[in-house]
Amino acid sequence: MQHTFEAGNVWLTAQYRHFGGDEGFDIRVYAHVNGSPRQILRFDCFKYQPHYHYDPMGRDEHVELAGYTMSDAILWTLKQLAYHLPEMLTQAGYPDVAAGVQPEAVRKAVGELEQHLMAALSSA
């Protein structure tokens, strides 16, 4: 089941996913681009090969998180979202979205996302 967290001009989603023999939490960042929802970042916090994508539905720049466990990848992702989201949105090719980021709204949404993920991990 996918959960959505509103964060100003962007929104975050989280769900547990199985993909190609791996599994873990999938955290996505969306924004409206040219009037339509667009996935701009995706963090695959998987057990065996955690990684993230810049512009996964476009150029799909894939970055490995070598040496990270699933829980480490989740904590790393939460930190990036809370403190480096504008830079990552710009790197993904969306500087206009980055310019509209509301840091307080993002940190509030990241806190809610963190609570959701920690509750899910503790009940697993």
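Which way do His51 and His53 point from S5, and which way do Tyr52 and Tyr54? Hi everyone, let's start with that strand. His51 and His53 point one way from S5, while Tyr52 and Tyr54 point the other way, and all are buried. Buried here is under 20% relative accessible area, exposed is over 50%, and partly exposed is in between, using a 1.4 Å probe and protein chains only. Strands are DSSP runs of E with at least two residues, helices are runs of H or I with at least four, and both are numbered from the N terminus.

A word on the model before going on. This is a predicted model, in which local features need pLDDT of at least 70 and side-chain atom pairs count only at pLDDT 80 or more, while totals for chains, interfaces and linings use all residues. Residues are numbered from 1 along each chain as its sequence is written, and side-chain values use heavy atoms, with hydrogens and water left out.

Now the sheet. Six strands make up an open sheet, ordered S1-S2-S3-S4-S5-S6, with antiparallel pairing. Two strands count as paired if DSSP finds at least two bridges between them. At the edges sit S1 and strand S6 (61-64), each pairing on one side only. On average, neighbouring strands are turned by 25 degrees against each other, direction ignored.

On one pairing, four bridges join S4 to S5 in the antiparallel sense, and Leu41 stands opposite Tyr54. These two strands form a hairpin with four residues between them. S5 also pairs with S6, again antiparallel and over four bridges, and here Tyr52 has Val63 as its bridge partner. The S5 and S6 hairpin has six residues between its strands, and Asp55 in the turn has a positive phi of about 50 degrees.

At the S1 end, five bridges join S1 to S2, which run antiparallel. Glu6 finds its bridge partner in Trp11 of S2. What is the relative accessible area of Trp11? The value is 16%, so Trp11 is buried. Setting aside neighbours within four places in sequence, Trp11 is in contact with Thr4, Phe5, Glu6, Arg28, Val29, Tyr30, Ala31, His32 and Pro37, where contact means heavy atoms within 4.5 Å.

Next, the helices. H1 lies across S2, S3, S4, S5 and S6 and runs at about 150 degrees to S4. H3 lies across S1, S2 and S3, at about 160 degrees to S1.

That takes us to the core. A nonpolar core is a set of buried Ala, Val, Leu, Ile, Met, Phe, Trp, Tyr and Cys residues joined through side-chain atoms within 4.5 Å. The largest one has 36 residues, and those with the most contacts inside it are Val10, Val29, Leu41, Phe43, Leu81, Leu89 and Leu113. Elements giving two or more residues include strand S3 (22-33), helix H1 (70-91) and helix H3 (103-123). H1 gives the most, with ten residues.

Finally, the charges. There are nine salt bridges in the structure, each being a side-chain nitrogen of Lys or Arg within 4 Å of a carboxyl oxygen of Asp or Glu. Asp26 pairs with Arg17, the closest N and O atoms being 3.0 Å apart, and both residues are buried. Another salt bridge joins Glu23 and Lys47, at 3.7 Å between the closest N and O atoms. That pair links distant parts of the chain, with Glu23 in strand S3 and Lys47 in the loop between S4 and S5, 24 residues apart. Glu23 is at 21% relative accessibility and so counts as partly exposed, and Lys47 is partly exposed too, at 38%. Glu61 and Arg59 meet in a salt bridge as well, 2.8 Å from N to O. Through shared partners, salt bridges also join Arg17, Asp26, Arg28, Arg42 and Asp44 into one network.

Definitions and conventions: Axes fitted to C-alpha atoms, helices over the stretch in contact; angles between N-to-C directions.
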